[in-house]
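Here's a quick briefing to read alongside the model. Keep the 3D view open and follow along as you go.

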Amino acid sequence: MSDSTGRRPQAPPPWWPTDEPWPSSGGWSGGPGSGRGPLSRWGPRSRWGPGRHGGWGGRRGGWGGPPRGFGCLFGVAFLLVVLAVVAALVSLVSFIGPLAAALGAIVLAFVGALAARMVRRTAVGLDDLVDAVGRVEAGDYAVRVAKPRGPRPLRALVRGFNTMAARLEADERQRRSLLADVSHELRTPLAVMQGSLEAIQDGVHPADETHVAAILDESRVLARLIDDLRTVSLAEGGTLPLHREPTDLAILLTDVATAARPAAKDAGVTIDVAAADDLPLLDVDPVRVREIVSNLVTNALRYTPAGGSIGLAASHDPAARAVRVAVRDTGAGIEAEVLPHVFDRFWKSPDSRGSGLGLAIARSLVEAHGGRIGADSEPGTGTTVRFTLPAG
């Protein structure tokens, strides 16, 4: 039986798709996505080329349709290489003989198998990476790409993508936490101000100096909180302006201690300063460094009971080209599981009356100067916060 062209149809080969008639009504002229012929199976999820789970196929292997993404490109390139090798072998048979050509074909087949394996791994890794990039673009920062078994550059690319996604996820989590913490901190003074003003408006409280002063105090709390948030934001973003000038750290520590002594005297706490004689002049912003030390002293004073002491010390480390500063207190101390979080924004103990930004600001300002800050503590004995500033 012959078809309309007078040719006798042949049995379909094993690789022919089972859902396509043989010969196809559209022939081989149908282009990708045209709906005509066997090539109409081309698409982003077709099955030819290196598959996601091994073998030459789609997501589960097997011969079906063309590959998706990078698998398609690698598949076409590999097919062209195979055709070129076959043509070269055919031309060499007449020169080196059938036996030598057969040996060459075996070697080339082995090399081709290795190349195909590398092509498959590379294509799978790149396609997975493209999918993950699309998910990150849609806002899914929890996506990660499994480490591929491909070339080293591909592994490095996947590792860099996973690191980027992890940082984006952490930033998004911190952003949401920051919004929740800021709204919580702003709510309290605003509620007090609103209640006091409504009481004055309704005639419950007179508009005298005492009640107006309470509202003014809450407004100062709001202003200080806003300034602290701005400082933390600028410092963490690397845009905080620093007005550096030669600064005598010993004098700065003495000034901070002198300013804090009245509050310390009322609390029954003593403050001492011990600065080494060989401290060099530091090229720092004296206003910001004073803010660092003041925040540390205020925090130490808050947790030091009556009869305790606070010590400020500074020493020069020529080998590290740095000046080391320590603020020590004899307070209740900090538990080991809590210590790593004391420099986090809005972290504070349940009985704290502060905003939870003092230590976060100190860390941001120290790092803005190129230094480091840390804390060690022993519950029941006290806490020591140490930071360094570059010297020279």
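Helix H6 (286-303) has these buried residues: Pro286, Arg288, Val289, Glu291, Ile292, Val293, Leu296, Val297, Ala300 and Leu301. Buried here means under 20% relative accessible area, exposed means over 50%, and partly exposed is in between (1.4 Å probe, protein chains only). Bear in mind that this is a predicted model: local features need pLDDT of at least 70, side-chain atom pairs count only at pLDDT 80 or more, and totals for chains, interfaces and linings use all residues. Residues are numbered from 1 along each chain as its sequence is written, and side-chain values use heavy atoms, with hydrogens and water left out.

- Asp285 caps the N-terminal end of H6, with a side-chain oxygen 3.1 Å from the backbone nitrogen of Val287.
- Helix H4 (209-236) passes the length check too: its 28 residues should span 40 Å at 1.5 Å a residue, and its end C-alpha atoms are 40 Å apart.
- Ile215, Leu222, Leu225, Asp228, Thr231, Val232, Leu234 and Ala235 are the buried ones in H4, and their cover includes helix H3 (152-201), H6 and H7.
- After H4 comes Gly238, with a positive phi near 75 degrees.

**The nonpolar cores**

- The largest nonpolar core has 47 residues, and Leu249 and Phe387 have the most contacts inside it. (Such a core is a set of buried Ala, Val, Leu, Ile, Met, Phe, Trp, Tyr and Cys residues joined through side-chain atoms within 4.5 Å.)
- Elements giving two or more residues to this core include H4, H6, helix H5 (249-267) and strand E7 (382-390).
- Apart from it lies another core, of 9 residues, including Leu129, Ala132, Val136 and Val145.
- Leaving out neighbours within four places in sequence, Phe387 is in contact (heavy atoms within 4.5 Å) with Ile292, Val293, Leu296, Val323, Arg324, Val325, Val366, Arg372 and Ile373.

- Strand E6 (residues 373-378) pairs with E7 in the antiparallel sense over 6 bridges; strands pair if DSSP finds at least two bridges between them.
- Ile373 stands opposite Phe387 in E7.
- The hairpin has 3 residues between its strands, and Gly380 in the turn has a positive phi of about 90 degrees.
- Thr383 lies in E7 and counts as buried because its relative accessibility is 8%.
- The side chains of Thr383 and Ser377 make a polar contact at 2.9 Å. (That is a pair of N or O atoms within 3.5 Å; within protein, one must be able to donate a hydrogen and the other to accept it, and residues adjacent in sequence count only if both atoms are side-chain atoms.)

**A loop residue to look up**

- Arg321 is in the loop between E4 and E5, and its phi is near 50 degrees, a positive value in a residue other than glycine.
- Most residues other than glycine have a negative phi.
- Arg321 counts as exposed because its relative accessibility is 56%.

**Whole chain**

- The protein chain has 7 helices and 7 strands; these are DSSP runs (helices H or I, at least four residues; strands E, at least two), numbered from the N terminus.
- Buried residues make up 34% of the 392 residues.

Terms used:
The expected span of a helix is 1.5 Å times one less than its number of residues.
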